[in-house]
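Work through the exercises below with the model open. Each task is followed by its solution.

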Amino acid sequence: MKVLSVVGARPQLVKLAPIAAALAAGGHRHVIVHTGQHYDADLSDVFFSGLGIPDPDVHLGVGSGSHGVQTGAVMAALDPILEMERPDWVLVYGDTNSTLAGAVSAVKLHLPVAHLEAGLRSFNRRMPEEHNRVLTDHAADLLLAPTDEAMRHLAAEGLADRSVRTGDVMVDVCLRVRDSVLAAPGDVPGLPEGIDPERPYLVATLHRAENTDDPARLGSLVDSLADLPVQVALLAHPRLVARAEAHGIKLERGAVRPGRPLPYAAMVAAVLGSQGVVTDSGGLQKEAFLLERPCTTLRTETEWPETLAGGWNELVPDPGALGSARWTATATRPAPTVSRGTPYGDGRAAETVAAVLAERVRG
Ligand code: UD1
């Protein structure tokens, strides 16, 4: 079997790592196409080297742009590659503009498309990721769903016969890296300057358009982080840095110490060393859950509702509205004692994905 993966943004590289390993272990051919949506080394190269992913076979070098420009540029650049490779499967990952572009290019060339992490829904149609997920699921031939909830969403949209529950490949990579971090304890590399890892700290990230693009919203979220009585290691995505600068919002104040995004193993070590996580990232909500740290999510909804059970994750759309005491109590709450179960599978999802793809190759 020949699989062509289209990836481009940081979370896709994390998911690519176990898939690349499972395809190699199964003796399958795997062509990796990097769209170039993320181009900073912090968001791209360190994931290839850190997670042992083979270098991309093709780099489209598309870069940043408005949604239409970025999505269209990926599609235009992909056409000749897909025509030349004619893989058995085009595999697209998650919910970025690169995901949608890969799916649409492939279906238009009548190439079979599989969507990894299918069926997630926020039901918030203002999010670019929600457009990307819904459109990709409806374009794809095979929907690889991480959870029972995702399977229910797909069934509700009439897509049950194309859907398979595989478990979540992020569990594969997160647990493997956790074990290697715990086997060699030491300093947490890359924490922002000014964070004392011997004292309690929270890991924070903020990058979604709905939180970064409106100056009043971004200013109030940073105010709330700054007011916390524990250190806040704010691992700043370039989008956050760019928007904060454009809006004249200072990130380094009060409890907040901004730093660069971390490579995957350093992020796992940072979360394991922390008291908890405050984020708007989907991946980090789940990593906190898997690493047994309480998470506070700065959004009105989550695509990973399983993390909410037992209070492991709490949604706080507007920390400023909670009042300082309640906000502090929520963000710094101890880890719940309730068992989390294994809603995301057993850490062998990538093997299942490779097997399902191989079984369903069109003759
Ligand atoms: C994208 C995904 C989002 C995902 C996130 C993970 C879409 C619509 N959004 O958001 O779902 O959670 O990736 O990180 O696809 N920039 C750089 N260097 C880079 C990349 C981006 O400086 O390597 C800056 C630029 O200012 C750019 C901005 O970040 O304009 C936004 O980048 P973009 O790729 O549009 O979306 P992300 O916010 O990264």
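**Exercise 1.** From which domains does the shell around the ligand draw at least three residues each?

*Solution.* This is a predicted model: local features need pLDDT of at least 70, side-chain atom pairs count at pLDDT 80 or more, and totals for chains, interfaces and linings use all residues. Residues are numbered from 1 along each chain as its sequence is written, and side-chain values use heavy atoms, without hydrogens and water. Domain 1 (2–168 + 345–359) and domain 2 (177–331) each give at least three residues to the shell; the bounds come from an automatic or database domain assignment.

**Exercise 2.** Find the residues that come nearest to the ligand.

*Solution.* Start with the 19 residues around the ligand, each with a heavy atom within 4 Å of it. Of these, H38, Y39, D40, N97 and E129 come nearest.

**Exercise 3.** List polar pairs (N or O atoms within 3.5 Å) that involve ligand oxygen atoms.

*Solution.*
- E129: a polar side-chain atom, 2.7 Å from a ligand oxygen.
- N97: a polar backbone atom, 2.8 Å from a ligand oxygen.
- Q70: a polar side-chain atom, 3.4 Å from a ligand oxygen.

Note on methods. A polar contact is a pair of N or O atoms within 3.5 Å; within protein, one must be able to donate a hydrogen and the other to accept it, and residues adjacent in sequence count only if both atoms are side-chain atoms.
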